[in-house]
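Please look at the model first, then read the points below.

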Amino acid sequence: MSVAYDDSVGVEVSSDSFWEVGNYKRTVKRIDDGHRLCNDLMNCVHERARIEKAYAQQLTEWAKRWKQLVEKGPQYGTVEKAWNAVMSEAEKVSELHLEVKASLMNEDFEKIKNWQKEAFHKQMMGGFKETREAEDGFRKAQKPWAKKLKEVEASKKAYHAACKEEKLAVSRESNSKADPALNPEQLRKLQDKVDKCKQDVLKTKEKYEKSLKELDQGTPQYMENMEQVFEQCQQFEEKRLRFFREVMLEIQKHLDLSNTASYKNIYRELEQSIQAADAVEDLRWFRANHGPGMSMNWPQFEEWSADLNRTLSRREKKKASDGVTLTGISQTGDQALPSKHSSVSSYEKTQSYQTEWSDEEANNPFSSTDANGDSNPFDEDATCATEVRVRALYDYEGQEHDELSFKAGDELTKIEDEDEQGWCKGRLDGGQVGLYPANYVEAIQ
């Protein structure tokens with residue numbers, strides 16, 4: 001049974017040089033480090049992909065929330081469009097960052113994983129084939145030189161020991177000459193010891209010089225063999241370094257959105273939307289829809305008519321106590337204020353009602369009852385209106401005491417048709433009766 005040669009046994013490493021016995025292990029370890037660095041790079045890419053995904057989700061949530069807030073808020077006109085464009089930018093950028101995440105995982109991550117699998121081959125007993133081959137190559141190249149180095153160290157040790165012994169023998173022999181107690185036989189033995197030590201010094205020195213010469217002669221071959229194995233390791237490492245550079249350039253391309261045409265278009269469109277915001281246009285719109293530019297039915301003299309009361313809306317009758325009603329006046333302009341489905345402004349509603357006028361019930365000759373308490377034949381019978389079941393499309397919170405509140409999906413009963421201001425009268429299933437915006441519900445088929 002062969003015994004593996006241990007390069008490092010009995011060898012004193014005197015420096016950190018690559019040429020010292022066993023110092024090639026740093027080069028071998030670099031192969032294992034290369035495999036670990038592939039894992040590190042994959043983890044790095046994976047974490048960045050998670051960040052891209054989280055950022056995209058945050059952008060989407062932010063855009064959704066602020067779109068709703070702006071839509072329900074008081075902002076209007078072209079500035080509202082510009083504001084919404086900022087949220088649209090976030091949604092588009094979110095899509096791009098999701099694409100970045102997909103590229104990092106589906107392309108870059110997989111590319112590193114596949115390269116690592118092809119470059120490093122695991123052994124059944126552990127470790128990698130490439131590591132074992134490098135280890136065996138260096139060990140084989142270093143073994144002959146290491147053996148001669150071991151002989152040099154042994155001969156040097158023997159030579160130094162002989163020199164030390166000679167020095168002691170000479171010292172004893174010198175001291176004995178001054179000692180009268182020693183007889184000639186003892187002095188002769190000490191002299192013989194000195195002569196023998198000198199001969200040992202010469203022999204060990206000759207052996208030391210010979211082994212050192214043999215080591216020097218084998219050094220060029222040793223260096224050539226080690227250089228050859230080292231170059232193979234260098235080539236393997238060069239492939240990894242070049243691959244890392246290549247894959248990092250791919251990562252850079254995927255992360256760099258500034259060179260993406262769609263990314264540039266997003267901010268070009270955003271700038272155009274913001275530049276399109278026109279304060280003068282918005283003020284003009286507000287003036288026409290909520291200010292002095294609105295149409296108005298100014299009071300005019302009218303003759304009495306038997307059908308006079310039929311022109312009164314239910315809403316006007318509801319607010320009869322607020323003022324005098326001018327009867328027989330038909331609408332000449334569109335006074336229904338445009339409103340968003342998501343909200344109805346209490347400000348718009350109350351402003352509209354301030355223009356309504358009605359006679360006091362006590363002074364109106366065409367009120368619902370005459371002096372005798374009989375019903376007026378010219379008055380509409382409130383009970384003749386057809387009740388209709390409707391379903392709420394949106395949430396609505398009543399702004400005044402005579403308004404209903406409901407949630408999207410709630411069902412209620414419409415008991416009066418829509419008036420000129422866009423309001424209906426209804427009854428909740430709990431029995432509460434009140435007003436609600438007509439465009440917030442739909443009839444149940």
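E52 is buried at 4% relative accessibility, where buried means under 20% relative accessible area, exposed over 50% and partly exposed in between (1.4 Å probe, protein chains only). The model is predicted: local features need pLDDT of at least 70, side-chain atom pairs count only at pLDDT 80 or more, and totals for chains, interfaces and linings use all residues. Residues are numbered from 1 along each chain as its sequence is written, and side-chain values use heavy atoms, with hydrogens and water left out.

**Salt bridges**
- E52 forms a salt bridge with R48, with the closest N and O atoms 2.8 Å apart; a salt bridge is a side-chain nitrogen of Lys or Arg within 4 Å of a carboxyl oxygen of Asp or Glu.
- R48 is partly exposed at 35% relative accessibility.
- R48 and E52 are 4 residues apart in helix α1 (residues 25-72), and therefore separated by about one helical turn; helices (H or I, at least four residues) and strands (E, at least two) are DSSP runs, numbered from the N terminus.
- R427 forms a salt bridge with E387, the closest N and O atoms being 3.3 Å apart.
- This pair links distant parts of the chain, 40 residues apart: R427 is in strand β3 and E387 in the loop between α8 (346-353) and β1 (388-392).
- A search of the whole structure finds 22 salt bridges.

**Sheet**
- An open sheet of 5 strands runs in the order β4-β3-β2-β1-β5 with antiparallel pairing; two strands pair if DSSP finds at least two bridges between them.
- The edge strands, β4 (433-437) and β5 (441-443), each pair on one side only.
- K425 has L435 in β4 as its bridge partner.
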